[in-house]
Amino acid sequence: MTKQFVALSDDKSRMRLLKAWLTDHKLTCSEAVVLLELMFGVGDIAVQAMALMQPNLTDPDQIAAVVLPAFKFEDERSDVK
């Protein structure tokens with residue numbers, strides 16, 4: 001998945017791939033952070049991606065400890081919460 005993700009040239013394409021991939025896959029918070037770090041855009045795109053991934057997390061209790069620190073700004077962390 002990450003190879004395909006990196007090969008795409010823009011976040012719009014990456015979001016489409018993420019949506020399709022999430023239809024039948026689960027991921028951990030650590031894996032979600034890896035995908036978030038591959039996004040080109042800042043803030044809003046990453047928050048949207050996290051909103052897509054949240055229902056598919058196998059360890060949602062780790063969002064505060066693992067995912068939130070991946071966001072640089074407090075308003076982004078608030079949006080993810």
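Is Asn56 buried or exposed? At 12% relative accessibility, Asn56 counts as buried, a term used for residues under 20% relative accessible area, with exposed meaning over 50% and partly exposed in between (1.4 Å probe, protein chains only).

## Basis of the model

This is a predicted model, in which local features need pLDDT of at least 70 and side-chain atom pairs count only at pLDDT 80 or more, while totals for chains, interfaces and linings use all residues. Residues are numbered from 1 along each chain as its sequence is written, and side-chain values use heavy atoms, with hydrogens and water left out.

Asn56 lies in the loop between α4 and α5, where helices are DSSP runs (H or I, at least four residues) numbered from the N terminus. Leaving aside neighbours within four places in sequence, Asn56 is in contact (heavy atoms within 4.5 Å) with Leu22, His25, Lys26 and Leu27. The C-alpha atoms of Asn56 and His25 are separated by 7.2 Å, although these residues are 31 residues apart along the chain.

Val34, by contrast, belongs to helix α3, which spans residues 29-37, and counts as partly exposed because its relative accessibility is 40%.

## The nonpolar core

The largest nonpolar core has 23 residues, of which Leu27, Leu36, Met50, Met53, Val67 and Phe71 touch the most other members; such a core is a set of buried Ala, Val, Leu, Ile, Met, Phe, Trp, Tyr and Cys residues joined through side-chain atoms within 4.5 Å. At least two residues of this core come from each of α2 (11-22), α3, α4 (44-53) and α5 (63-67). Met53, not counting residues up to four places away in sequence, touches Leu18, Leu22, Leu27, Ala32, Leu35 and Leu36.

## Helix α4 and its partners

The axes of α3 and α4, which are lines fitted to C-alpha atoms over the stretch in contact, with angles from 0 to 180 degrees between N-to-C directions, come within 10 Å and cross at roughly 150°. The two helices are therefore roughly antiparallel to each other, a description that applies to angles over 145 degrees. Ala32, Leu35 and Leu36 of α3 make this contact with Ala46, Ala49, Met50 and Met53 of α4.

The axes of α2 and α4 also come within 10 Å, crossing at roughly 10°, which makes α2 roughly parallel to α4, as angles under 35 degrees are classed. On the α2 side the contact involves Asp11, Met15, Leu18, Lys19 and Leu22, and on the α4 side Ile45, Gln48, Ala49, Leu52 and Met53.

Methods:
Angles under 35 degrees count as roughly parallel, over 145 as roughly antiparallel, 65 to 115 as roughly perpendicular and the rest as oblique.
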